[in-house]
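Subject: Handing over the two-chain model

Hello,

I am passing this structure on to you, and below the display you will find an account of what was found in it. Please read the account with the structure open beside you.

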Amino acid sequence: MIRFQGTANTLGLLFCGTMTASMSHEIKNALAIVNENAGLLADLIALAEKGRPLNPERLKTLAADISRQVQRADSIVSRLNRFAHSAGQPVTTTDTREIFEFTAALAARMAAMKGVTITVAGDNTVQVQARPFIVENLLWLCLKHLFAVSTGNQTVQLGAENADSHVVIGLQFAEGTPVEEISKLVTQEGQPLIIALQAEVSTDAQRSLIRLTLPKKFEE
Amino acid sequence: MSVKVLLIDDDQDFLAILAERLMIRDMDVTTVSSAVEAFALVESQPYDAIILDLQMPEIDGLQALERFKAINPNLQVILLTGHATVAKGVQAMKLGAADVLEKPVDIRVLTEKIKKTRVQKISGQGSEGGNNTVQSSAPVLNGSFSRLMQGIEKLFKKS
């Protein structure tokens with residue numbers, strides 16, 4: 001168990017690395033636009049000094065653009081902060097929808113690069129007792145392996161339902177997605193996470209579905 | 001005659017603002033949000049420089065660079081990146097990038113690079129794989145990428 005915990009932590013570190021790299025890239029993009037807006041302001045001032053009149057409407061647009069990019073960067077930093085804190089979060093009862101929406105937000109940029117859209121199904125409340133970070137990490141492995149085989153323009157839907165003493169998390173892929181191959185890779189790479197969550201991974205190739213079955217109540 | 005630039009980035013906000021700044025500098029700028037759109041343009045029109053984002057959906061910057069060079073080996077492509085790595089920088093230069101610059105980019109550096117690519121194009125100096133001299137461009141690179149390029153330079157020296 002200790003060995004698996006160690007490997008789960010290593011996988012967690014890789015997860016952290018991937019996500020922080022992606023989010024820092026997003027922040028850089030927002031900063032690049034702020035930088036260009038500031039530069040354009042300087043350009044317009046230099047032109048005004050040479051006699052070209054300043055257009056107040058253009059300045060208003062620039063101020064609004066800067067404000068929008070600051071908000072964009074701020075929301076990325078908030079996400080990064082939440083993610084950083086979640087790494088040390090203990091076993092807790094969490095709404096699966098919250099986990100799905102956060103995982104979708106974390107992976108959104110990388111999904112967009114691969115032409116994949118992540119959606120969250122339904123509005124039912126399904127709670128699970130687990131370390132949210134490990135659930136997010138396992139979901140990420142599923143998404144990562146989907147991205148590797150994706151040819152673009154597809155949607156993956158995350159959802160959950162109660163099943164007696166368990167919670168079944170479903171990843172619904174587009175028709176024709178090699179779910180068995182993805183599931184095999186996730187099971188191999190994510191074994192320590194699966195053990196840490198006391199979970200089971202199964203597939204329904206006909207429905208292009210991967211199921212992660214977790215106990216509703218986590219036994220230490 | 002103004003310098004003709006093709007600007008490719010999937011971030012529409014970045015595309016619009018950088019285009020406006022280059023136009024203020026008397027450049028003739030065309031913008032597209034994907035490399036796929038750019039391929040058709042490059043086949044039908046001449047450009048003095050192509051400014052290409054390294055990370056884009058569908059086809060990333062390095063794959064796009066390879067395709068541009070296959071269309072016309074003399075095309076001068078400058079890559080822009082949010083976070084450059086030594087490996088990607090080396091790969092880009094080997095594939096024939098005229099330069100790799102890190103975002104946020106200094107407009108003076110970018111303008112200088114664009115003008116330099118035009119001179120190279122006119123004088124017929126292509127930037128096909130391996131011909132680039134990293135050392136010559138390193139002193140004018142900005143910020144952390146300058147340090148990155150020093151690393152690349154060491155790698156080239158070793159090989």
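Helices (H or I, at least four residues) and strands (E, at least two) are DSSP runs, numbered from the N terminus. Residues are numbered from 1 along each chain as its sequence is written, while chains are lettered from A and ligands numbered from 1 in the order in which they are written. Please keep in mind that this is a predicted model, in which local features need pLDDT of at least 70 and side-chain atom pairs count only at pLDDT 80 or more, whereas totals for chains, interfaces and linings use all residues.

Chain A

Read along the sequence, chain A follows the pattern α-α-β-α-β-β-α-β-β-α-α-β-β, with 6 helices and 7 strands in total. The radius of gyration of chain A (taken over C-alpha atoms) is 22 Å, well over the 17 Å that the globule rule (2.2 Å times the number of residues to the power 0.38) gives for 220 residues, so chain A is more spread out than a compact globule. Its C-alpha trace spans about 75 × 35 × 30 Å along the principal axes.

The mean pLDDT of chain A (the predictor's confidence in each residue, from 0 to 100) is 93, and 97% of the residues score at least 70.

Helix H3(A), residues 96-113, packs with helix H4(A), residues 132-149, at an angle of about 35°, and their axes are 10 Å apart; here axes are lines fitted to C-alpha atoms, for helices over the stretch in contact, and angles run from 0 to 180 degrees between N-to-C directions. Two residues are in contact if their C-beta atoms, placed from the backbone, lie within 7 Å. The residues making this contact include Phe102(A) and Met110(A) of H3(A), together with Trp140(A) and Phe147(A) of H4(A).

Strands S6(A) and S7(A) run antiparallel and are joined by 5 bridges, where pairing requires that DSSP finds at least two bridges between the strands. Asp204(A) stands opposite Leu209(A) in S7(A), and in the hairpin of these strands, with 4 residues between them, Ser208(A) takes a positive phi near 50°.

Chain B

Chain B has 7 helices and 5 strands, and its pattern along the sequence is β-α-β-α-β-α-β-α-β-α-α-α. An open sheet of 5 strands in this chain has the order S2-S1-S3-S4-S5, with parallel pairing. The edge strands, each pairing on one side only, are S2(B), residues 28-32, and S5(B), residues 99-102. On average, neighbouring strands of this sheet are turned by 20° against each other, direction ignored.

Within the sheet, S3(B), residues 49-53, and S4(B), residues 77-81, pair in the parallel sense over 4 bridges, and Asp53(B) stands opposite Leu80(B) in S4(B). Helix H1(B), residues 12-24, packs on the sheet and touches S1(B), residues 4-8, as well as S2(B), its direction making about 170° with that of S2(B). Helix H2(B), residues 35-44, also packs on the sheet and touches S1(B) and S2(B), and its direction makes about 160° with that of S1(B).

With kind regards
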